[in-house]
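Dear colleague,

Please find the structure below, with the sequence alongside. My notes on pockets, strands and helices follow it.

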Amino acid sequence: MEAEKINHRKLGQELELFTSMEEAPGMPFFLPKGMVMRNELESYWRRKHQRAGYQEIKTPIMMKQELWEQSGHWDHYHENMYFSNVDEQNYAIKPMNCPGAILVFNSKRRSYRELPLRYAELGLVHRHELSGSLNGLLRVRSFTQDDAHLFVMADQIEAEIDKILVLIDEFYSHFGFDYKVELSTRPEECMGSQEMWERAEGALESVLKNKGVNYQINPGDGAFYGPKIDFHILDSLGRSWQCGTVQLDFQMPQKFSCAYVGEDNKLHLPIMVHRAIYGSVERFMAILIEHFAGDFPLWLSPVQAKIIPISDAHAEYADYVKSQLESAGIRVEVDFRTEKMGLKIREAEKQKVSYMLVIGDKEMEQQSLSLRKRKEGNIGVMSIQEVIDRFINEINGVGR
C-alpha cells in the first residue's frame, strides 16, 4: 500500500514532472518542473566531477555499425540496439558510451604524463526493451547514463578505483542512501583470456578489502569485457536498487589499439575503467521520487516557495517579493487566483511545495512575509531578506 502511494509514475503526473506518450513508447517527456529537478541533479554531478579531476565530453548518438562490431557490442548486444542507414552506410544508435570515449582517447597521441585521463559524459543511449517491461522512468528505451571512462596505467588501477569508491560514497550519502556492494565476476560469454580476468578481478577485490568494504560475490554477472563492482542503494522502504558500477576493462583498449607513450619512450596499452554513479539520470530520478515520496529536499524541489497573496490588493507586493527571491536564485511561484487562502495553502501542500509565503495587509505594510513550512505549519513573520537567508542556508547546507 505504501509503495502504491509513492509510485513515481503517479507522483510524476501529480507533480507535473514527466509524462509518457504513445508516440514514443519508453521514451519519457520531461515537463518544466521535471527539468528543474533533472538540471539540479546534472549540475550537482558536474560540480562533483570537475572537483574530482574529470573532463566532460559529448560523443555522437549514432555511429557506424562497424564500430560496434569492433567493440564487441555487436556480438553481445545487437538484438537490443536500434539501427539506421545513411548514404548507404549502416549506423547504430548507441546503447553505451564507451566506444565514443575510446575514439576521443585515440584522437591524438597520448603520453604517460596525461594518465590517469578521466572522461565524464552524460550520454543519451537507446536500448530496445520489450513493450511489456516498460515502467515509467525505471525501465525505458532512451536514457542518459552518467558515464565516465578512465584510461590508466597498471600501477594506477587501485588508486583510481579507490578514488571512485570515495566519490560514489559522497554521492549516495548526499541523498541519504545506504548501499550494499557486490563484486560481479566473469560471465560465460566474455572477451579475453582467463588470466586477464583473474588479474582484473584480483585488482577490484584488493581495493574493496584494503578499504574494509563489506561486499558479496555475484558470480558470472560481470560485463562481457570485464568484472565490476556494483552498488545497490536502499530507499526509504528498504528496497534495493542497482545504480552505480565500476568496471575494469583490459579488453577494449586492445581491440581499438589504444596506446600511450611511456617514460621509456615506447608505446604501452592503457587499461580502461568504466563507471557510473546515478546509473541513469531517469532511473535515479524515479528512485528519488519514491524515496522522498515527492517531498524533496529544498535544493531539489522544482518550486521552492509559493507566494500566496490573500487578495488582489496584495498582488503588486507579491510580484515584488517574487522578483527579490528570484534574484537570489530561489524558484518561486505566485498563486494569484481569487480563491480562499486555506484552499491555496492546501493545494500548495498537495503539490509538495516546501514553503508558503502568505501576504496580507500587515505583511505589505511591514514589507515582511508570513512563513509556513510544509508539514510544520506557521513559522512566523520575517523580513524578505530573512526569508532569503533561511532558504539559501538550507539549500547550501544540503545541496552543495
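**Pockets**

The second largest pocket has a lining of 14 residues, and those nearest its centre are Lys-33, Pro-302, Val-303, Gln-351 and Val-353. Please keep in mind that this is a predicted model. The volume of the second largest pocket comes to about 160 Å³. Sorted by class, its lining consists of 6 nonpolar, 3 polar and 5 charged residues.

For the largest pocket, the volume is about 990 Å³. It is lined by 36 residues, with Tyr-77, Met-96, Arg-127, Gln-145 and Gln-242 the closest to its centre. By class, the lining of the largest pocket holds 12 nonpolar, 14 polar and 10 charged residues.

Strand 19 pairs with strand 18 (residues 355-359) in the antiparallel sense, over 4 bridges. In this pairing, Tyr-355 is opposite Lys-373 of strand 19. Strand 19 is also joined to strand 20 (residues 377-383), again antiparallel, by 6 bridges. Lys-373 has Gly-377 as its bridge partner in strand 20. The hairpin formed by strand 19 and strand 20 has 3 residues between the strands, and Lys-375 in this hairpin takes a positive phi near 75 degrees.

**Two helices**

Helix 6 (residues 98-105) is largely enclosed by the rest of the structure, because 6 of its 8 residues are buried. The buried residues in helix 6 are Cys-98, Pro-99, Gly-100, Ala-101, Ile-102 and Phe-105.

In helix 7 (residues 157-174), I looked at Val-166. Is Val-166 buried, partly exposed or exposed? Its relative accessibility is 35%, so Val-166 counts as partly exposed, given that buried means under 20% and exposed over 50%. Val-166 and Lys-211 are 45 residues apart along the chain, and their C-alpha atoms are separated by 9.9 Å.

Regards

Methods
Residues numbered from 1 in each chain as written. Predicted model: local features only at pLDDT ≥ 70, side-chain atom pairs only at ≥ 80, totals over all residues. Heavy atoms only, no water. Pairing = 2+ DSSP bridges. Buried < 20%, exposed > 50% of the residue type's maximum accessible area, 1.4 Å probe, protein only. 1 Å grid on protein atoms, 1.4 Å probe; cavity = no way out; pocket = protein on both sides within 12 Å on 5 of 7 lines; lining within 4 Å. Points joined across faces, edges and corners; volume = space filled by probe spheres on them. Nonpolar A, V, L, I, M, F, W, Y, C, P; charged D, E, K, R; others polar.
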